[in-house]
Amino acid sequence: MARKSKGFGELLHQKQDLEQTTAQSFKRLHKKVKETTGKDLIKDVAINPKGVARMSDILNEFIDPYKGTAYGLEEVECLLSLAVVAWNIALSPKEDRQEAIESMLSAVASGMDRKSRADLQTLIHELIERKDCYFSDCQRYIANFDLQSQGDSYFLSVASSLEK
């Protein structure tokens, strides 16, 4: 009987690590959504349904031009949080967006100086425009995300609605 190569064993171990990371990330994400909404909304959620693009891949692509400005996990998490807010605002009718932006800014930027608040508002508008231009076909609402450090990179899980 032929022996399995060392490379095969390493590949199998990597696959098992990824499955374990995914399961842990999903548990944290489930907890976050439940804490945020007060409901167990994702108890019957399909994880990575076949034929559906992974929202984590889409969100990573969405923030790609801005990743160079985020150093470290905490800054990437802040960038993702802003991106999720902008993404969800972009799903609303254009006439409702400014009110949503102002509401978000009053909650988040209350202690900021004028320049920082203006910079934040500009970034939100840029992200909304990016969503409209490059991701207009994707109408999935993002409920929450989980970000986990993996050495020099990170593992991102996203809870989102499916296309209607």
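This is a predicted model: local features need pLDDT of at least 70, side-chain atom pairs count only at pLDDT 80 or more; totals for chains, interfaces and linings use all residues.
1. Helix 2, which spans residues 55-63, is mostly covered, since seven of its nine residues are buried, where buried means under 20% relative accessible area, exposed over 50%, and partly exposed in between, with a 1.4 Å probe and protein chains only. The buried residues of helix 2 are Met-55, Ser-56, Ile-58, Leu-59, Asn-60, Phe-62 and Ile-63. They pack against helix 3, helix 5, strand 1 (142-150) and strand 2 (153-160), with contact taken as heavy atoms within 4.5 Å.

2. Residues are numbered from 1 along each chain as its sequence is written, and side-chain values use heavy atoms, with hydrogens and water left out.

3. For the overall layout, the chain has five helices and two strands, and from the N terminus on these elements run α-α-α-α-α-β-β. Helices (H or I, at least four residues) and strands (E, at least two) are DSSP runs, numbered from the N terminus. Of the 164 residues in the chain, 30% are buried, and the chain exposes about 11,100 Å², of which carbon and sulfur atoms supply 53%; accessible areas come from the Shrake-Rupley method with a 1.4 Å probe, and for residues only the protein chains shown count as cover. Among contacts between residues at least 6 apart in sequence, 61% join residues at least 24 apart.

4. Turning to the pair formed by helix 2 and helix 3, their axes come within 10 Å and cross at roughly 100°. That makes helix 2 roughly perpendicular to helix 3, on a scale where angles under 35 degrees count as roughly parallel, over 145 as roughly antiparallel, 65 to 115 as roughly perpendicular and the rest as oblique. The axes are lines fitted to C-alpha atoms, for helices over the stretch in contact, and the angles run from 0 to 180 degrees between N-to-C directions. On the helix 2 side, Met-55, Ile-58, Leu-59, Phe-62 and Ile-63 meet Leu-79, Leu-80, Ala-83, Val-84 and Trp-87 of helix 3. By class, this contact has ten nonpolar, no polar and no charged residues, where Ala, Val, Leu, Ile, Met, Phe, Trp, Tyr, Cys and Pro count as nonpolar, Asp, Glu, Lys and Arg as charged, and the others, Gly among them, as polar.

5. Helix 3 (residues 73-90) also meets helix 4 (residues 94-108), and their axes come within 10 Å and cross at roughly 155°. That makes helix 3 roughly antiparallel to helix 4. The contact is made by Val-85, Ile-89 and Ala-90 of helix 3 together with Arg-97, Ala-100, Ile-101 and Met-104 of helix 4, and by class it has six nonpolar, no polar and one charged residues.

6. With helix 5 (residues 114-134), the axis of helix 3 comes within 8 Å and crosses at roughly 55°. Helix 3 and helix 5 are therefore oblique to each other. On the helix 3 side the contact is made by Leu-82, Ala-83, Ala-86, Trp-87, Ile-89 and Ala-90, and on the helix 5 side by Leu-120, Leu-123, Ile-124, Leu-127, Ile-128, Lys-131 and Asp-132. By class, this contact has eleven nonpolar, no polar and two charged residues.

7. Gln-121 lies in helix 5 and, not counting residues up to four places away in sequence, touches Gln-98, Ile-101, Glu-102 and Leu-105. Gln-121 and Ile-101 are 20 residues apart in sequence, and 7.7 Å apart in space from C-alpha to C-alpha.

8. A charged residue that a reader might check is Arg-140, which lies in the loop between helix 5 and strand 1. Arg-140 counts as buried because its relative accessibility is 6%. Leaving aside its neighbours within four places in sequence, Arg-140 is in contact with several residues, among them Met-55 and Ile-58, as well as Trp-87 and Ser-161. Arg-140 and Ser-161 are 21 residues apart in sequence and 5.2 Å apart in space, C-alpha to C-alpha.

9. Ala-159 is found in strand 2, and Ala-159 is buried, with a relative accessible area of 8%.
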